[in-house]
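This report describes a structural model in terms of its strands, its core and its aromatic pairs.

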Amino acid sequence: MKKLLFLFLIISSTVSAQDLKLKKATRQTVNHGASPTSTTTYSILLSNCKKGKWKLDSLISTSSNQVIKFNMVKVDDPNAVSPNYKKLDSFNDLGKGNYLVTFGITKQRGSGRPGAPQNTKVDTTNIEGGVIIYYTVKKKQKQLKIDSFEELEKIDAP
């Protein structure tokens with residue numbers, strides 16, 4: 001009986017485990033000098049430790065429920081000083097490893113005429129409420145919600 005209970009506990013703990021794990025979520029804003037434009041770049045580092053294939057279906061903003069266009073690469077060693085990024089032909093049949101998802105939002109206001117003051121900054125559009133990543137594992141659609149992003153240093157370009 002004890003062996004059966006032990007087996008049940010092991011199986012139940014592995015069934016509820018998350019397939020994708022969030023390692024890091026960051027955002028960085030760049031103000032583009034005389035042009036009244038600002039770009040916010042979002043980066044999400046995901047890790048899949050389980051065997052088996054999975055695919056990334058979509059990325060949705062939780063505040064506006066709009067689909068976000070994104071790019072994704074495989075990262076060999078994310079902790080390295082210069083990680084090796086591998087371009088993915090598709091977002092289907094992905095396996096174990098670390099994956100970097102990136103997307104950005106650009107906001108522009110005004111004409112951006114020459115001679116404009118260098119310190120003109122526009123309000124940047126941030127994704128309020130985070131994003132939801134929809135992915136499929138073994139024909140089951142799952143989701144991973146990212147509530148907040150770590151804010152990196154803002155860059156004021158000349």
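Where is the place of N65? N65 sits in the loop between β3 and β4, where strands (E, at least two residues) and helices (H or I, at least four residues) are DSSP runs numbered from the N terminus. Its phi is near 55°, a positive value in a residue other than glycine. N65 counts as exposed, at 60% relative accessibility; the classes are buried for under 20% relative accessible area, exposed for over 50% and partly exposed in between, with a 1.4 Å probe and protein chains only.

**Basis and confidence**

This is a predicted model, in which local features need pLDDT of at least 70 and side-chain atom pairs count only at pLDDT 80 or more, while totals for chains, interfaces and linings use all residues. Residues are numbered from 1 along each chain as its sequence is written, and side-chain values use heavy atoms, with hydrogens and water left out.

The predictor's confidence in each residue is given by pLDDT, on a scale from 0 to 100. The protein chain has a mean pLDDT of 79, and 77% of its residues reach 70 or more. The pLDDT is below 50 over residues 4-17, a stretch that has 2 contacts in the model beyond near neighbours in sequence. A contact means heavy atoms within 4.5 Å.

**Strand pairing**

Strands of a sheet pair through backbone hydrogen bonds, either parallel or antiparallel. Here, two strands count as paired if DSSP finds at least two bridges between them. The pairings with bridge counts are listed below.

| Strand pair | Bridges | Sense |
|---|---|---|
| β1 and β2 | 11 bridges | antiparallel |
| β2 and β6 | 12 bridges | antiparallel |
| β3 and β7 | 7 bridges | antiparallel |

N48 in β2 is the bridge partner of L20, and T102 in β6 is the bridge partner of S43. S58 stands opposite Y134 in β7.

The hairpin of β1 and β2 has 4 residues between the strands, and G33 takes a positive phi near 45° in this hairpin. As for β2, 11 of its 12 residues are buried, so this strand is largely enclosed by the rest of the structure.

An open sheet is formed by 3 strands in the order β3-β7-β8, with antiparallel pairing. β3 and β8 stand at the edges with a single partner strand each, so one side of each is left without a neighbour in the sheet. From one strand to the next, the twist averages 25°; axes are lines fitted to C-alpha atoms (for helices over the stretch in contact), and angles run from 0 to 180 degrees between N-to-C directions.

The loop between β7 (131-137) and β8 (140-146) holds K139. K139 has a positive phi near 65° although it is a residue other than glycine, and it counts as exposed at 84% relative accessibility.

**Nonpolar core**

In soluble globular proteins, nonpolar side chains tend to be buried together. A nonpolar core is taken as a set of buried Ala, Val, Leu, Ile, Met, Phe, Trp, Tyr and Cys residues joined through side-chain atoms within 4.5 Å. The largest such core has 24 residues, of which I44, F103, V131 and I133 touch the most other members. At least two residues of this core are supplied by each of β1 (20-32), β2, β3, β6, β7 and β8. β7 gives the largest share, 4 residues.

Leaving aside neighbours within four places in sequence, the contacts of F103 include Y42, I44, F70, V131 and F149.

**Aromatic pairs**

How many aromatic pairs does a search of the whole structure find? The search finds 5 aromatic pairs. Rings of Phe, Tyr and Trp (its six-membered ring) pair if their centres lie within 6.5 Å; planes under 30 degrees apart count as stacked, over 60 as edge-to-face and the rest as tilted.

The ring centres of Y42 and F103 are 5.0 Å apart and the planes are at 5°, so this pair is stacked. Y42 lies in strand β2 (residues 37-48) and F103 in strand β6 (residues 97-108), so the pair ties together parts that are 61 residues apart in sequence. Both Y42 and F103 are buried. Y42, F103 and F149 form one aromatic cluster.

F70 and F91 form a stacked pair, at 5.1 Å centre to centre with 25° between the planes. F70 lies in the loop between β3 (54-61) and β4 (71-75) and F91 in the loop between β5 (85-87) and β6, so parts that are 21 residues apart in sequence are tied together by this pair. F70 is buried, with a relative accessible area of 16%, whereas F91 is partly exposed at 25%.
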